[in-house]
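Reader: Hi! Could you walk me through this structure while I have it open?

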Amino acid sequence: MVALVAKYGTSYLSAAVVLAGVLQMTAGALGWGKFIKLVPHPVMLGFVNGLAIVIFMAQLSHFRDPLTGLWLGGPQGATMLGLTALSMALVKLLPRLTTAVPSSLLTVGIVTAVAKVFSLPAKTLTDIAGAETFRGGLAILPKLAIPAVPWASAPLQTLGILLPYAATMASVGLVESLLTLQLVDGLVDDGKRGDTAKECVGQGLGNFFSGLLGGMGGCAMIGQTQVNVQAGATSRLAGISMSAFLAAGIVCAAPLLGQVPIAALVGIMFIVCESTFEWSSFRLMRRIPRADAAVIVAVSLVTVVKDLAVAVVAGTVLSALVFAWNQSTSITASVSTAQRGAETGWKTYMLRGPLFFGSAQAFNDIFEVADDPEDIVIDFAGSRAMDHSALEAINGLAERYGEAGKRVHLRHLSSDCAELLERLNGRRRPYEIIERQPSEDPVYEVAEGGALYTDVPVPSVKDLLLGDAGPPREPEDDEEDP
C-alpha cells in the first residue's frame with residue numbers, strides 16, 4: 001500500500017481496495033475459499049506463531065522515541081513500562097473478579113484513570129495519531145464516492161496499475177481471514193463451522209465499500225479476534241457490535257478515546273501475543289517428523305520477514321512436496337509364484353502404496369521384465385492408481401512385457417482405471433489383460449474432483465452387488481465375465 005500511495009496517490013489506494021473487494025467477492029462466488037482446507041496443520045501453527053511475533057514486534061515501536069528511534073528513558077520510559085505491566089496484570093486478574101464486563105475494556109478504563117489521577121507522562125492515542133483524528137463529530141464521516149482515477153480515459157492502463165496491488169491485498173486478506181476463521185472454529189466449541197464462501201463475499205463487500213468511502217480496506221485480525229473470543233463472543237453479532245461501538249466512539253467520544261494511554265493497549269496486545277502463540281509447538285518439535293517441524297519454523301520466519309500470504313503459500317508447497325516425496329518412496333511389492341492350477345508358474349506382484357506421478361519410477365524399478373515368466377500378475381488390492389501418470393506407467397510396463405513376448409494380468413483395478421486404460425490403448429492389447437472381478441475390485445476415482453475423468457462411469461455399491469460393474473467388454477479366449 002505504501003508503494004502504491006507513494007507513486008500514484010491515495011485515490012489509487014481507494015481504487016485498489018474497491019478492486020480487491022470485487023476479487024474477493026468473485027473468489028467467494030466461485031467457492032475458492034474451500035481451498036484453505038489444503039493448508040496443513042504445521043502451516044497453521046507457523047502462521048499463528050509468526051503472527052504472534054509480528055504483533056509483538058509492532059508493540060515494541062511504542063517503547064522508542066519516534067524522532068530519534070532510541071529506547072525511551074527517564075519518566076516517560078518508566079511510565080510506559082509501568083502502565084504496560086499494570087495493563088497485562090489487570091487483563092489476567094480481572095476475569096477472576098467479574099466476567100460481566102470484558103477484562104480488556106475494564107483494563108483500558110482503569111489504566112486511563114491511573115494515568116490521569118497521577119498525571120503520568122503517558123503517550124496517548126492523540127499523541128500517536130494526531131488531534132485531528134480525534135476531533136469527533138459528524139464532519140469526520142467519509143463521503144461515498146468513486147475513487148478519482150482515470151477509469152474512462154485510460155481503463156486498461158489504470159487496471160494494469162491497480163490489479164497487482166489489488167490481487168495482493170485480496171489474497172493476503174483472504175488467507176489471513178480464512179485461517180483466522182479456522183482458528184475460531186477451534187477456539188469456539190459450538191459444533192458449527194464457518195462458511196468460507198460467506199467469509200470471502202462478506203469481506204469483499206466490506207472492502208468494496210471501504211474503497212468507495214476512501215478507506216484502506218482490511219481483513220480479519222487474529223489479535224482482535226482473540227480479544228473478542230476471550231471476552232465471550234459466540235456469534236457475528238460481536239463483530240458487528242465492535243464496528244458499531246467503534247464508529248459511535250469516534251463520532252461521539254473521540255476526544256475522550258484520544259486520552260487513552262497507548263500503554264494500556266500495548267499491554268493488552270502483549271497478552272494477545274502470549275495467548276496466540278502456540279507454545280505447545282516447542283514440545284511438538286521432538287515428537288513430529290523433522291519436515292513438519294521445519295515447515296513450522298519456515299512459515300513463522302517468512303511471516304515475520306515477508307508477509308502472511310507468501311508464508312502460507314510457501315509452507316503449503318513445502319508440505320506438499322514433502323508429502324509427495326514420502327509417498328513416492330512408499331510403493332513396494334511382495335512377490336509370489338503360483339504352484340498349482342492353471343496359473344502354475346505365474347509370478348504375482350502384490351503392490352502396496354499409491355501409484356502416482358511421484359512413485360511411477362519406483363513402480364517401474366520393482367519389476368524384472370527379462371527374468372519373469374511368460375505370465376505375470378500385478379495385483380492392485382493394496383495400491384491405488386491415482387492419476388494419469390499412474391495409467392501411463394502401467395501401460396509402459398505392459399509394453400515392455402509385450403515386447404518380451406510376455407503377458408501382464410492386471411487385477412483389482414477400479415472400474416474407472418480399467419476403462420481409462422482401455423480408452424488410452426485405443427484397442428485391446430493381447431499382452432495387457434485387465435481381469436475384472438466386480439465383487440472384489442475397489443471403487444474409487446482417478447484424480448477425483450478433477451475435470452479429466454468426470455465422464456468415466458463409476459459403479460455404485462449396488463451395481464457391484466448386482467454384478468453390473470461398468471461397460472461390457474468382449475471375452476478374451478474362453479473367459480467369461482462374472
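This is a predicted model: local features need pLDDT of at least 70, side-chain atom pairs count only at pLDDT 80 or more; totals for chains, interfaces and linings use all residues.

What follows is a chat about aromatic pairs, a sheet and a few single residues.

Reader: Good to know. How many aromatic pairs does the structure hold?

Author: There are 10 aromatic pairs. Take Phe-56 and Phe-270: the ring centres are 5.2 Å apart and the planes meet at 40°, so this pair is tilted.

Reader: Where do those two lie?

Author: Phe-56 belongs to helix α3, residues 41-60, and Phe-270 to helix α12, residues 262-276. The pair therefore ties together parts that are 214 residues apart in sequence.

Reader: Is Phe-270 buried or exposed?

Author: Phe-270 is buried, with a relative accessible area of 12%. Phe-56 counts as partly exposed, at 37% relative accessibility.

Reader: And which residues form an aromatic cluster with Phe-56?

Author: Phe-63 and Phe-270 form one aromatic cluster with Phe-56.

Reader: Nice. What about Tyr-349 and Phe-367?

Author: Tyr-349 and Phe-367 form a tilted aromatic pair, 4.5 Å centre to centre with 55° between the planes. Tyr-349 is in strand β2 (residues 347-355), while Phe-367 is in the loop between α16 (360-366) and β3 (375-385), so the pair links parts 18 residues apart in sequence. Both Tyr-349 and Phe-367 are buried.

Reader: I also care about charges over rings. What sits over the ring of Phe-35?

Author: That would be the charged end of Lys-34, 5.8 Å from the centre of the Phe-35 ring. Elsewhere, Arg-64 lies over the face of Trp-71, at 3.9 Å from the ring centre.

Reader: Which side chains does the side chain of Lys-347 make a polar contact with?

Author: One is the side chain of Tyr-349, at 3.2 Å. Another is the side chain of Glu-368, at 3.5 Å. Leaving aside neighbours within four places in sequence, Lys-347 is in contact with several residues, including Val-335, Thr-337, Asp-372 and Asp-375.

Reader: OK, switching to the sheet. What order do its strands have?

Author: It is an open sheet of 5 strands in the order β1-β2-β3-β4-β5, with mixed pairing. At the edges stand β1 (332-337) and β5 (432-435), each with a single partner strand, so one side of each has no neighbour in the sheet. Neighbouring strands are turned by 20° against each other on average, direction ignored.

Reader: How many bridges join β4 to β5?

Author: Strand β4, residues 407-411, is joined to β5 by 4 bridges, and these strands run parallel. In that region, Leu-410 stands opposite Ile-434 in β5.

Reader: And which strands does helix α17 touch?

Author: Helix α17 (residues 388-403) packs on the sheet and touches β2, β3, β4 and β5. The direction of α17 makes about 170° with that of β3.

Reader: Last one: Leu-51. Buried or exposed?

Author: Leu-51 counts as buried, at 8% relative accessibility. Its place is in helix α3.

Reader: What is Leu-51 in contact with, leaving aside neighbours within four places in sequence?

Author: On that basis, Leu-51 is in contact with Glu-176, Ile-222 and Thr-303.

Reader: Great, thanks!

How values were computed
Residues are numbered from 1 along each chain as its sequence is written. Side-chain values use heavy atoms; hydrogens and water are left out. Rings of Phe, Tyr and Trp (its six-membered ring) pair if their centres lie within 6.5 Å; planes under 30 degrees apart count as stacked, over 60 as edge-to-face and the rest as tilted. Buried means under 20% relative accessible area, exposed over 50%, partly exposed in between (1.4 Å probe, protein chains only). A charge sits over a ring if NZ of Lys or CZ of Arg is within 6 Å of the ring centre and within 35 degrees of the ring normal. A polar contact is a pair of N or O atoms within 3.5 Å; within protein, one must be able to donate a hydrogen and the other to accept it, and residues adjacent in sequence count only if both atoms are side-chain atoms. Contact means heavy atoms within 4.5 Å. Two strands pair if DSSP finds at least two bridges between them. Axes are lines fitted to C-alpha atoms, for helices over the stretch in contact, and angles run from 0 to 180 degrees between N-to-C directions.
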